[in-house]
Amino acid sequence: TRSPRPAMPPKQKAAPKAAAASSARAAGGTAKLDDVAVVWFRKCLRLHDNAPLIEAAKSGVKHLCPVFVIDPHFGPGHVGVVRYNFLLESLRDLDASLKKKYKSRLLVLRGKPEAIFSEMFRSGKPLGAAPPRLLLWERDTEPYALKRDEAVTQLAEKAGAEVKTFSGHTLWDVEEALKKNKGKSPSTMPGMVSLAKAMGEPALPLSVPGSVPPLPKGLNDFPVPTLKEMGYKESDLAKDPKPSFPGGETAGLARMAARLKDAEYIRTFEKPNTRSTAFDPPSTTILSPYLKFGCVSVRQFYHGMEKAIAGKKHSQPPTSLKGQLYFREMAYLQGLSIPNFDRQVGNPACKQIPWNKDAKLLKAWEEGKTGFPFIDAAMRQLRKTGWLHHLARHAVSCFLTRGDLWLSWEEGRDVFDRYLVDADWAINNQNWLALAGVASWSPPFFRVYHPAPKMDSALQVRDPEGKYIREFVPELRGMPDKYIYSPWNAPKEVQEKAKCIIGKDYPKPVVTHEKASSENIAKFKKALSSAGKRPAADGGGAAAKRARKA
């Protein structure tokens, strides 16, 4: 067994020389720096395994300000109410933990981070009478974040302040892993496993600091806002969502501990065998929202899993839990290294397909009104709860793109990005590229899921009574089991008895699947031929084999 590596040292931007800093202050009116450190919480919404917090605690500063900036970029126009509520709950939990352990608190500021820190480094406001001398955060590799962080770094340097940044959202430092892999991201699980071996065991998670410097005196509260204050309606939250996700480190650690306690579950987990229609409770860990926001440390989960499987027979990547973390890692590597990863145009990893534009069909899909109950149940579950089993995500993604509707994966990606509580830029794009059939890691484009799946389908429905459909598509609750997945086949008298007339109480199918999928396969093949490309001869590996059974 390889020993875990020590935690990576911070990336550090040294303060400019004193003369240069004095010149900048004279020109821009920057105040004298105060003996204050600001820990800028972004995704790392936790106390455990928090390198910026630990570094600030031992830096020798007189005061420490834990700060979260509510960026209007991530607001009602882009983020659904379920995910935003999860964020606010996570901030409240972090605030409560800071109060309980350190008698400190989270300072929640609102505005564009560049504007917030520009004023902070100019005047010290809104935190104090003078700017902080040290700013620390956990690195983020999304394009928006990279641009934002570079701007804030330049503001700090101009003011003479020091910036320290740390890897912590992934198992390994993304830039270091890419360097180890000669600048390229793996596109297969064997490639990712090889890179993992080359990188060595991930660093052990860091302990929660025993103490941190106090807040400066006289600060305003800067409390966590309400949904209403952020432009959302609390009435839009489902009253009893299944599953439900209380946000925050406390809930995340409890969920993770409960899963890790079940060593048999950890050892035998194989994701393709989990049931897509299980919702109360789900058949997977449901840790993805907590990993997305950094409420729990991915390194803590990894090492907890390693302890659970040590010396015992266990499942292997890509289907094991470790395999799921490797897929996550691969997405971050791809997102940083592949140009235009989030779009078709200019993306070297994406086949160029002439998708249609059809606002009416897109709306029917998004609202769960396609006339295919399994697809509609999944989309309504997404909108109501913010979560979908991965195979349900596969089904609706394939249906929107190459399977039935022939609409762009980018439009589906945007819908997922709005509603998913675990929406993650890199993972969301990686998955949509895969399910649209346009990436090298995609299953073969000609293997499509049937939107009225059988019980032995690779979609792992295993719900002959249609409990999942009846939960999320209430119009069909009276429909007999025989017709629950294809109610358009029910005789008129059966529809009348079920109080659900197809075409009136529930939509007719928006397409004829067999016809649409056949036409789409032909269009896809033609697009590849026009581009001088051929379908992969190897059939796409394990993912393709599972898709063939659909």
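Does G75 count as buried or exposed, and at what relative accessibility? At 7% relative accessibility, G75 counts as buried, where buried means under 20% relative accessible area with a 1.4 Å probe and protein chains only, exposed means over 50%, and partly exposed lies in between. This is a predicted model, in which local features need pLDDT of at least 70 and side-chain atom pairs count only at pLDDT 80 or more, while totals for chains, interfaces and linings use all residues. Residues are numbered from 1 along each chain as its sequence is written, and side-chain values use heavy atoms, without hydrogens and water.

**G75 and Y84**
- G75 sits in the loop that runs between β3 (63–70) and α3 (81–102); helices (H or I, at least four residues) and strands (E, at least two) are DSSP runs numbered from the N terminus.
- Not counting residues up to four places away in sequence, G75 touches Y84 and Y232, contact being heavy atoms within 4.5 Å.
- Y84, leaving aside neighbours within four places in sequence, contacts I70, F74, G75, V79, L227, M230 and Y232.

**Nonpolar cores**
- A nonpolar core is a set of buried Ala, Val, Leu, Ile, Met, Phe, Trp, Tyr and Cys residues joined through side-chain atoms within 4.5 Å.
- The largest has 139 residues, of which L45, Y84, W365, V438, Y468 and M479 touch the most other members.
- Helix α3 supplies the largest share of this core, 10 residues.
- Another core of 23 residues lies apart from it, with I116, W137, V152 and L219 among them.

**Helix α11**
- The 12 residues of α11 (residues 298–309) should span 16 Å at 1.5 Å a residue, and the end C-alpha atoms, 17 Å apart, agree with this; the expected span is 1.5 Å times one less than the number of residues.
- Because 9 of its 12 residues are buried, α11 is largely enclosed by the rest of the structure.
- Cover for the buried residues of α11 includes α8 (249–261), α9 (263–268), α10 (288–292) and α12 (321–337).
- S297 caps the N-terminal end of α11, with a side-chain oxygen 3.1 Å from the backbone nitrogen of R299.
- Just after α11, G311 adopts a positive phi of about 75 degrees.

**D463**
- D463 belongs to the loop between α17 (425–435) and α18 (467–472).
- Although buried, D463 has no salt bridge, and R275, the nearest side chain of opposite charge, is 5.0 Å away; a salt bridge is a side-chain nitrogen of Lys or Arg within 4 Å of a carboxyl oxygen of Asp or Glu.

Conventions: A polar contact is a pair of N or O atoms within 3.5 Å; within protein, one must be able to donate a hydrogen and the other to accept it, and residues adjacent in sequence count only if both atoms are side-chain atoms. Lys and Arg count as positive and Asp and Glu as negative; His and the chain ends are not counted.
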